[in-house]
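Me: I would like a close look at a single part of this chain. Please keep it brisk and walk me through it step by step.

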Amino acid sequence: MKAYKVYAIKDGTVIDHIPSTKALKVIDILGLENEGILTIGVGFSSEKMGKKDIIKIENKYLKKEETDKISLIAPNATINIIKDGRLKEKRKIEQPKEYFNIVRCLNPNCITSIGDIDTKFYTVSISPLILRCHYCERIVESGEIEIL
Amino acid sequence: MDFAGKSIISIREMDKNSLLKIIETSNRVKNGEYKNFLTGKVLATLFFEPSTRTRLSFESAMRYMGGGVIGFSGTEYTSIKKGETLQDTIMTVSGYCNVIVMRHPVEGTARLASEIAIVPVINAGDGANQHPTQTFLDLFTLSELFANLSDVRVGFLGDLKYGRTVHSLAYALSLYQSPLWFIAPDLLRMPEYLTQEIKENGSRVHEVDDLERLEEHIDVLYVTRIQKERFGDMQEYERIAGCYRVTKKVVDMLGKDIKIMHPLPRVDEIAQEVDELENALYFRQAHNGIPVRQAVLGLVLGRLD
Ligand SMILES: [Zn+2]
C-alpha cells in the first residue's frame, strides 16, 4: 500500500479517490459524524484526479449498500476494507437501484418539495443516469441531478 | 395480481395482466353479474381539491352496490402544507373507513397517503401526476369496441405535454404495444422521456403537428383541451386551438368508423354537433366510470376477485 500523509489504520474502512473537497459531503451522506475516529485528508495529489480527498474510518467496515450511496458525488471512489493492518477487500462504487434522501426532487409541486418528507428516487437508466421520483414520478436526468 | 388490500396509485405499477383483470371485472359488473357487493363497507372521499365529477362517480359507484360514503371536498384543506398534518388526517380517517379515495393538488400525495393508511388508497388525481381510474375507464371503453387492444390505432390530439390523462393512457396502451399517433403543436408535444418509454415498451409511435397531415388511418381520436394559460400570446392560442378543434367536418375527414374520446369536462375543443354522431364516445366513457370504479372498489376491498 502507498504511504499517505494520513496515518495508517489497523481496522476499518478507507475511502479513496473522492473528488477534492467532497470529503465532508461523503461523511454527511454516510452519516459518519458520530461514528468514532475519522481521519480526513483533503486535497491530496492524485495521478488520476489531480487532487483528491481521502477518509479513514476506524473500526467500522462499511458495507457495499452503504458506500454505493455516495455514487453521485464520488462515482470513482475506491473502498478499502482494512482488517488487522491488511487490505482485506478493495471495491468500486456502483449505482444503487434506489436513493433515499440524497437527491432533491426538482418538481416544485412534489410533496417532497412542499412537505417535510424524505426523498426517494429509483434508477431508470444508468448511462445516461436517469432517476424517477418515487412520489411525483418525475424524471431527473444526469445533468440536472441536485444533491440534498 | 391480487388486488385485495392494495392501493391503486399509479398506472406505472400495472402490468398487462392487472389491466386485463380490471377490464374483465368491470365487464362482469356492467353486465350485472354481482349485486350489492359493497354492502357493509365505507368509502371515505378526501378531496383536498374539488372535482365534482370524479367524486360523484366514486360515491355513486359505492352506493349502487350497497356501500356507505363519508368524506369532504373543499379548498380549505389545501392549506395543509406540512406533510405532518396530512399524515395525521390520513391516519385518523383510516380508522373510519374501509377504503380511501383521494384527490390532492400536490403530486405524490396519494403515494405518501398509501404508505400511512391502514386501508387501501385509490388515487383520484395528484396534481399533474396520476389518475389511474380514468385510464382504467378509458381502456375499458376501448375494450368494449375493440376485441384486441394491441391492434387499436389511437391518435392523441391537443395538449400532450401537460395532459395527465393522455400520458397515462398512452403508457397503458404501450403495454399492449398498440400503434399510437401523437398529434400536437410543437409547444405541446409529448415529453421526450415518455415517448421513449412508450417506444421501448413496443408501441410504434408517429408524431405529427397537424390533424390534416395525418396520412394513415386511425380507429380512435382521443381529444384533450389546449389551455389558454400555456400561451403567452393570445392570437397564437386562438390560431392553434382553432386547428385542434374537432367538428363534424373533421370527423368526416377521419372516416365513418372513427371514434372520438375525451376525458371531459370539455369546453369547445369538440363541437356540440359531434355529440349526436355515433362516433362520439365520451359520454359512454363517463358512464363507464361507474362499473369500472365499482370493479376497482370490489377488488381492493376483497369482495370481487
Ligand atoms: Zn418528486
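How many bridges join strand E4 (residues 78-83) of chain A to E5(A), and do the two run parallel or antiparallel?

Reply: This is a predicted model. Six bridges join E4(A) to E5(A), and the two strands run antiparallel. Take one pair: Ile79(A) has Arg91(A) in E5(A) as its bridge partner. Strands of a sheet pair through backbone hydrogen bonds, either parallel or antiparallel.

Now step back to the sheet. Five strands of chain A make an open sheet, with antiparallel pairing, in the order E2-E3-E1-E4-E5. Its edge strands are E2 and E5 (86-92) of chain A, and each pairs on one side only. From one strand to the next, the twist averages 20 degrees. Helix H1 (residues 23-30) of chain A packs on this sheet. H1 touches E1 (12-19), E2 and E3 (50-58) of chain A. The direction of H1 makes about 35 degrees with that of E3(A).

Ile40(A) lies in strand E2 (residues 38-46) of chain A. A buried residue would need 20 or more. Beyond its neighbours within four places in sequence, Ile40(A) is in contact with Ala23(A) and Ile55(A). Its C-alpha atom is separated by 6.5 Å from that of Lys56(A), 16 residues apart along the chain.

Last, the whole chain. Chain A has three helices and nine strands. Buried residues make up 33% of its 148 residues.

Methods
Residues are numbered from 1 along each chain as its sequence is written. Chains are lettered from A and ligands numbered from 1 in the order in which they are written. This is a predicted model: local features need pLDDT of at least 70, side-chain atom pairs count only at pLDDT 80 or more; totals for chains, interfaces and linings use all residues. Helices (H or I, at least four residues) and strands (E, at least two) are DSSP runs, numbered from the N terminus. A residue is buried if 20 or more other C-beta atoms lie within 10 Å of its own, exposed if 12 or fewer, and partly exposed in between; C-beta atoms are placed from the backbone. Two residues are in contact if their C-beta atoms, placed from the backbone, lie within 7 Å. Two strands pair if DSSP finds at least two bridges between them. Axes are lines fitted to C-alpha atoms, for helices over the stretch in contact, and angles run from 0 to 180 degrees between N-to-C directions.
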